Structures are given as structure tokens and as C-alpha cells.
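Have a look at the model below before reading on. The notes after it walk through a few of its parts.

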Amino acid sequence: MERVLGIDLGTTYSCVAVVEDGVPLVIANKGGYRTTPSIVAITAGGRRLVGHLAKRQAVTNPQNTVYSSKRFIGRKWNSELLQDVRQSVPFELAEGPHNDIRVKLREKEYSLPEISAMVLTEMKRVADEYFGTACDSAVITVPAYFNDGQRQATKDAGRIAGLDVLRIINEPTAAALAYGFGKQIDKRVAIYDLGGGTFDISILDIGNGVFEVIATAGDTFLGGEDFDQRVADWLIFSFAKEHNVDPREDSMALQRIRDAAEKAKCELSLQSEVEINLPFLYSAGKDKTLHLQKMLSRAKLEELTVDLVERTLEICDKTLRDSGFSASDISDVLMVGGQSRMPLIHKKVAKYFGRNPSRNVHPDEVVALGASIQGYALVTKQPEQKSETLLLDVTPHSLGIMIVGGYFQVLLNKNTTVPTSASHIFTTVKDGQTSVKIMVFQGESKVAQENELLGEFMLTGLLEAPRGEVEVEVTFDISADGIVSVSAKDLESGRRQSIVVTASSGLTEEEIEQMSEDNKDYLLVAAQDEQFDKLCYNATALIGEIEKLFPSVQEIIASSAYGDDAVRKAENTLERTRKAVERRDLASLTDCMEPLKMTQITFQTLVASKSGSGGGAT
Ligand SMILES: Nc1ncnc2c1ncn2[C@@H]1O[C@H](COP(=O)(O)OP(=O)(O)OP(=O)(O)O)[C@@H](O)[C@H]1O
Ligand SMILES: [Mg+2]
């Protein structure tokens, strides 16, 4: 049976899981870690580093190390939010050809789906290595509050990584699946998911293997990184006040402050006070280096971040209202996402729902596990199985089009179960109007432009008639992935025009294919590089041994009747090997390995026989 990977593509950490013999399990990477940092870097030599390797070198290569790419994926270049945060990241962002965002690393521009594809490629590699065979299908998770553009872009990232993305599912829903898997439960649960970059809250009814989402909401720009930023700002401010310098001017210092802020924040979940120590942080002229040393208490951290926690509770309020229930109707609360470990959050969430949150799920792994369960359910057809999993998710945003006066006509309300579709008949507004422009939006504002523009298209060739006489029927479809497609029909002629609403900041089909090919090419070269490095290691060891034996062999040959053929041949082999290593020529180096080994054996035999005969003479 086909293996389907469940991938939690997180803002800060990613995790891959799979169902084996009916049991969902997380796959650890080669280093033994069960989650991998969603960080990508390009080295001076053009090599791509992903995960822990990328994280480790971030301090010395901040301009070419991308983190939190999920915060930018599927967003528009001209969005206010992007322009605000642009200044705060050490890597360079540039405007792409579709009003999209590109990341500039060592003079090359990458789209956000390409960056996410690098992380997904790494997660696929973790699984491929574990099973020793290629795993090509996946279910990828996204924050429940992701809009169509962000979902499309994530799906594109999967394709660029060479994955067949069977489904995009919502993170809190995935967590609920993992929580309810294999259990006979009948409960109404709330999933509070505060990760590194995003916050989601979903209310679900679970019963008889059916997981039905009642309401969901969130904020795709609220997560652990904002907590880190508060601590980092506090450190920067006090350092600047004390020394009268701005440490942000030094990107390496800034990166060290950020890392220290996150570490202190996490430690404060267990301790009540931590010391932050950054020696040699900032060079203030010749012979003057400034150090940072500061105590941070849990109380201070709470004071710095309590408004962020309050924001999550306001969203909980809104979601409960939308669901039509109150906090006391919820029978279990699951805490998902690493940031939810903060004691203040536990305390406030417990108070809000009037019950202690369940400790039955692993906050970092549960989303990937749920994705693998959904993947397994998609490829397993077992009608006889009584407790078949059925997932009924909802769309997090209302969908509609712009109508006269710039108003937003909603066709599908938020929290409608997906997949779904809806139709609406529109009439022409001008005499003789022969075309209609359909602008598709997602959001809750009555003013269309205040919502997210998903895309636009023209329905042309309408019958020339007085206004109001030509009718056009517009149909919206939302797939189980939460991805939107729209079609329009001129009812007079029956003429249908259909488009998949590619988000206006999305990549074209050709671009995705090209990026996927580039990724394959890169992987081929990287595999060859890895093979070369292994061979090079062996060749260098052999060269070392031969060189060590060389003087003895020369001596033996000089004092015997042998010709010096063996020495010349050996010199020749060593020369060829050194050149192959220098040129990183895999084919030549492969050719050199056999002669190298032969030389080593010949030399060892000569030296051994000489010492043997010498030993006999004395
Ligand atoms: N013990 C802890 N106390 C407080 N915060 C923590 C702790 N452990 C991890 N975190 C924070 O949790 C966040 C990472 O959580 P997680 O891996 O769930 O997020 P993610 O999946 O990468 O992000 P998202 O789901 O938002 O895309 C980081 O900000 C990290 O600093
Ligand atoms: Mg997450």
C-alpha cells in the first residue's frame, strides 16, 4: 500500500509522520531529532542547508539564512503587513513579478513556495532515508486561518518538492484527528494551537469516527516569534540605554540576541528566573567590546507578553460566539503548538474554559501525526472497517465578489463545511454591456477592497441588451483543501467560462514546473556532491597511507634489482587522484580508487616482505 507522509510544515519547526502497520509514528531525522527547524540557508559555495545545519550557521550568515518563511508565503508584496515586517528580518526581500514576495540569497531570487519546498524536500528526505525508498505522497498541514492564496502557495511548494499533495488539512483539525484516533469518544473539543508563527482555535465535535469542525478562527501573524521579539526588544532597549549604541546595526549581534531571547523564553516555562549572557556582543570601536548580561524573570516575561495571550483569548471568544456554544459546553481543551507550554497560557486558557487542558497530546508532534492519519485514510479503502475516519472541515473566511458600489456580496459564509459550492445570479448594470468582470474576494468586510483579493476574470461575449436583462450565474466551489475555484455562466447563451482562481500573488503553472525541475537538478548535483565527499574521504586516507610508505618503498627499490616502475606508477596514480580531488571530478576520482587501493597493497606487501626478510637475516 502506498505510504503517505503527514507533514506539519511549521513556521519554526517541521515534523514528518507516517502510519505504519496501522500505527501513526513520527520519523526522526538522522541527528535523532523528531522536529527539524524550518530554516534554509545558502552557503558561500552555493550549497543549500536546511534544518539544524542551517540554524547552526545563522549567526555567521544571517543575510543568507531564511527563517519564518511561512509568515510570508502566499502574501502580497504591497500588503501593509509585509512592508511593516520587512525591516525586521536580516535577509533581503524583493518584489516578484506577480506582486508576490521573493527572497534574495546570494544574488539569486527565490519565491516563497521554493523556500518552503526546500524544507519539504528535507522532510521527504528524512522519510526516504528511514524507509530506504522514495515516499512521494503527502498530506500537508496549514493554519486553519490560512486563506486561499496561502493554501495554494503551500500546495505549490509541495509540488516543487516533488510531492503528490493528496490533501491540505488544517493544523488544529489534524491535532483533533490524532487525539481521537482509535478511541471511542463522543466529545466537543476546543483545539488551542499557538505555534511559532500562527494562532488557531477550532471547535470540533468528535463522535463515531466523525470529526466535524463547527467553527474556526485565528491569526496568521501571532505566535512564539512575537513573544521572542518582545524579549529581544527589551534586551535591545536596555542595552542601548546602558551603552548608548544600537545593537541592531550589527546583524550578527541581532541574531545572537534573538536566539538568546527564544532560549530564555523557553527556559522560563520551567524556571522562575534566567540569566541572559552574551559576551563580546558588540564592538564599539577599537579595543572596546560590549557584553550583555541581564536577568529575566518569569513575571517580567509575562508582563512583556500578556497582551499577546489576551489576543488569543479574544479570538477564542469570537470563535465560541460563531459556534453558538459557550466555554462550559466544551468537554476537553487540547493545547497544541510549542508556545502553549508557557505557564501563563496554561493558566489563562484553563481559567477561560473553566477546566484544565488535556495533557494527552504532544504539542510538537500531534499535528504531523494527524496529517499522517488523514493520509492513511485517503489511500485505505476498507468499507468493512466500522470506525472509518470522516473529516468535515470548514472554510475559515467568507467568500464572495465585488458588486456595484464596491460592496462585497457574500456567496459562502465562513464556517461552512467543505467541500461546498454556491451559485448566485448577477445581472448587467449598463445598457449594451457585453462583458462582466468578476473580482473574487475572501474576508468579512462589507467593503470588497478591504478583503483579500483572490483573483479576477472576465466573462465576455454577452448579448447586447438593456441593463438588467442579461443574467450571469456565478458558482463558487471550495475543495476539501479549502482551495477556491469559480465559474460563471451567461444564462442567455449557456456560455460557461471557468477559471481556477489562482491567487493574484500565485506562481504560474510554467514557473512551478520550472522550479520543480530546478529542485530535481539541485538534488542530483547535491547527491553527487555527497558521493564525491565520501569518496574523497576514502581517497585522502589512502593517499596518506601510501605517502607514509613511500620512503621505505623507495629505499627497498633503490637497494634491490627491481626497476622503479612501481614507484613511477604510484606517483602517477597519486597525481591523478590529487587533480580529481582538486577539480571535484567524481568520474575521475572513481577511476582512481582501484589503482590507489592496488598501490596501497603493493606498497604494504613490499614493506612487509622487506621487514620479513630483514628479520630473517639478523
Ligand atoms: N518550553 C517552551 N516554552 C515556551 N515556548 C516554547 C517552548 N518550547 C517551544 N516553544 C516555542 O514554540 C514555538 C514553536 O512551536 P511549534 O513547533 O509548535 O511551532 P510551528 O509549528 O513551527 O509554528 P506554526 O504552527 O505557528 O506554523 C517556538 O516559538 C518556540 O520558541
Ligand atoms: Mg505548528
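What follows covers a ligand shell, a helix and a sheet.

This is a predicted model, in which local features need pLDDT of at least 70, side-chain atom pairs count only at pLDDT 80 or more, and totals for chains, interfaces and linings use all residues. Residues are numbered from 1 along each chain as its sequence is written, while chains are lettered from A and ligands numbered from 1 in the order in which they are written.

Let's start with ligand 1. It has 23 residues around it, and Gly10, Thr11, Gly195, Gly224 and Gly338 are the closest (near means a C-beta atom, placed from the backbone, within 6 Å). Helix 6 and helix 7 each give two or more residues to this shell, with helix 7 giving the most, three residues. By type, the shell has three nonpolar, 13 polar and seven charged residues; Gly counts as polar here.

Now for helix 10, where twelve of the 14 residues are buried, including Val366, Leu369 and Tyr376. Buried means that 20 or more other C-beta atoms lie within 10 Å of a residue's own, with C-beta atoms placed from the backbone. Helices are DSSP runs of H or I with at least four residues, and strands are runs of E with at least two.

Strands pair if DSSP finds at least two bridges between them. Strand 19 and strand 22 run antiparallel, joined by two bridges; in one of them, Val394 partners Thr417.

| Strand 19 | 390-394 |
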